[in-house]
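Here is a short report on one structure. It looks at a ligand site, then at one helix.

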Amino acid sequence: MDRQLCTKQITAGITTYVVRAFANIAFIKYWGRVDHNLFLPANSSISMTVSGCATTASASFPSESDADILIMRSSSGKTTVLSPEDRKSCALYAHIKRIRDASGRTGFVTVEAANNFPSDAGLASSASSFCAITGALLLAFGLRDVFDDKRELSRYVRLAGSGSAVRSVYGGFVQWNKGNSCETSVAEQLKNEYHWDLVDLIAIVETKKKKYSSSYGHEIADTSPFFTQRISRISDRLGMVRHAILEKDFTQLGELIEADSNCMHTVMRTSKPSLNYWNDGTQEVMREVQKLRNKGVEAYFTIDAGANVHVLCQLQDALSVHEAIQKLDHVSSVIINKAAKGAQILS
Ligand code: PMV
């Protein structure tokens with residue numbers, strides 16, 4: 001797909017700016033906000049940027065254009081022109097305007113974003129796509145200095161509308177500090193992608209669009225009686241996860257990420273209305289992970305706002321864990337990830 005986008009830019013003779021960003025898997029989840037307009041999260045979060053789930057976004061200025069256009073290409077090849085009327089797309093169209101206004105330039109831009117993995121299935125497609133789109137827009141509108149300043153880039157990415165996208169700015173292991181303002185709610189890299197050869201195997205049990213958007217979930221998170229309890233313990237948990245990453249303590253990391261995933265899903269289930277993202281496949285994979293551990297193979301699960309399950313293990317166990325989960329009844333495929341790079345300019 002990268003090649004396809006690049007070929008197009010040459011044949012059309014138009015300058016095209018291309019950025020690739022990878023999705024990330026949250027070890028400590030972001031769930032709930034204190035400011036829904038500025039996308040300020042209720043808690044800081046930590047993630048690993050993942051190599052198997054990428055979005056390549058291009059931005060260009062076709063000469064005859066009289067409006068901004070956003071085009072998404074799914075991994076199955078389906079192309080959708082996003083409507084400015086749609087809630088999520090509307091935020092992205094506003095984001096184009098925000099970046100154009102900040103640049104002081106004019107001109108209508110066409111943005112194409114292609115995912116190499118299923119979109120809207122709880123695989124953080126908005127993280128990689130919102131990050132790549134923001135990067136391509138900044139370059140197209142001449143804001144290369146903002147792109148190069150990763151703190152500033154993460155600030156712009158946050159305003160696109162997907163908080164988790166903030167963490168995809170960096171490679172490796174990343175913390176998004178909740179902050180208390182637009183300026184302070186930014187990401188920082190804890191360790192780069194070469195620090196630890198962890199493997200994240202994503203068991204795909206669902207490729208359809210999820211029932212409830214994560215944005216809706218953030219809005220109602222604080223209706224759960226367990227919301228405040230989770231937030232009050234999060235700073236201890238963040239410290240322990242950071243420590244486990246720095247010391248490469250896999251047992252500690254695994255136990256903590258599974259616990260935080262379970263806590264977040266309890267908050268989801270007990271919010272009003274109740275959100276349940278799991279299906280039979282989700283539970284089958286979770287049971288298998290437990291069975292693997294009983295047999296002495298260290299693997300841990302974590303699940304974002306969707307049914308698919310991320311199974312974390314160390315490199316030496318990746319083959320046996322992969323074998324075990326790919327043969328499960330509900331698993332249609334497995335995406336293999338290691339820690340990836342942050343947002344990168346491709347051209
Ligand atoms: O970035 P959003 O608005 O799609 O929210 C992401 C929420 C989770 O994936 C469930 C957790 C996280 O921190 O990535």
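## Around the ligand

This is a predicted model. The shell around the ligand holds five nonpolar, six polar and three charged residues. There are 14 residues around the ligand, and those that come nearest are Tyr-30, Ser-164, Arg-167, Ser-214 and His-218.

Oxygen atoms of the ligand take part in several polar pairs. A polar backbone atom of Tyr-30 is 2.9 Å from a ligand oxygen. For Ser-162, a polar side-chain atom lies 3.0 Å from an oxygen atom of the ligand. How much of the ligand does the protein bury? Taken alone, the ligand exposes 380 Å², and the protein buries 95% of that.

## Helix H9: length and ends

Helix H9 covers residues 280-294, which is 15 residues. At 1.5 Å a residue it should span 21 Å, and its end C-alpha atoms are 21 Å apart, so the two values agree.

At the start of H9, a side-chain oxygen of Asn-279 comes within 2.9 Å of the backbone nitrogen of Gly-281. Just after H9, Gly-296 has a positive phi of about 95°.

## Helix H9: buried residues

Which residues of H9 are buried? They are Gly-281, Thr-282, Glu-284, Val-285, Met-286, Glu-288, Val-289 and Leu-292. An α-helix has 3.6 residues a turn, so residues three or four places apart point the same way.

Terms used:
Residues are numbered from 1 along each chain as its sequence is written. This is a predicted model: local features need pLDDT of at least 70, side-chain atom pairs count only at pLDDT 80 or more; totals for chains, interfaces and linings use all residues. Side-chain values use heavy atoms; hydrogens and water are left out. A residue is near a molecule or strand if one of its heavy atoms lies within 4 Å of it. A polar contact is a pair of N or O atoms within 3.5 Å; within protein, one must be able to donate a hydrogen and the other to accept it, and residues adjacent in sequence count only if both atoms are side-chain atoms. Accessible areas come from the Shrake-Rupley method with a 1.4 Å probe; for residues, only the protein chains shown count as cover. Ala, Val, Leu, Ile, Met, Phe, Trp, Tyr, Cys and Pro count as nonpolar, Asp, Glu, Lys and Arg as charged, and the others, Gly among them, as polar. Helices (H or I, at least four residues) and strands (E, at least two) are DSSP runs, numbered from the N terminus. The expected span of a helix is 1.5 Å times one less than its number of residues. Buried means under 20% relative accessible area, exposed over 50%, partly exposed in between (1.4 Å probe, protein chains only).
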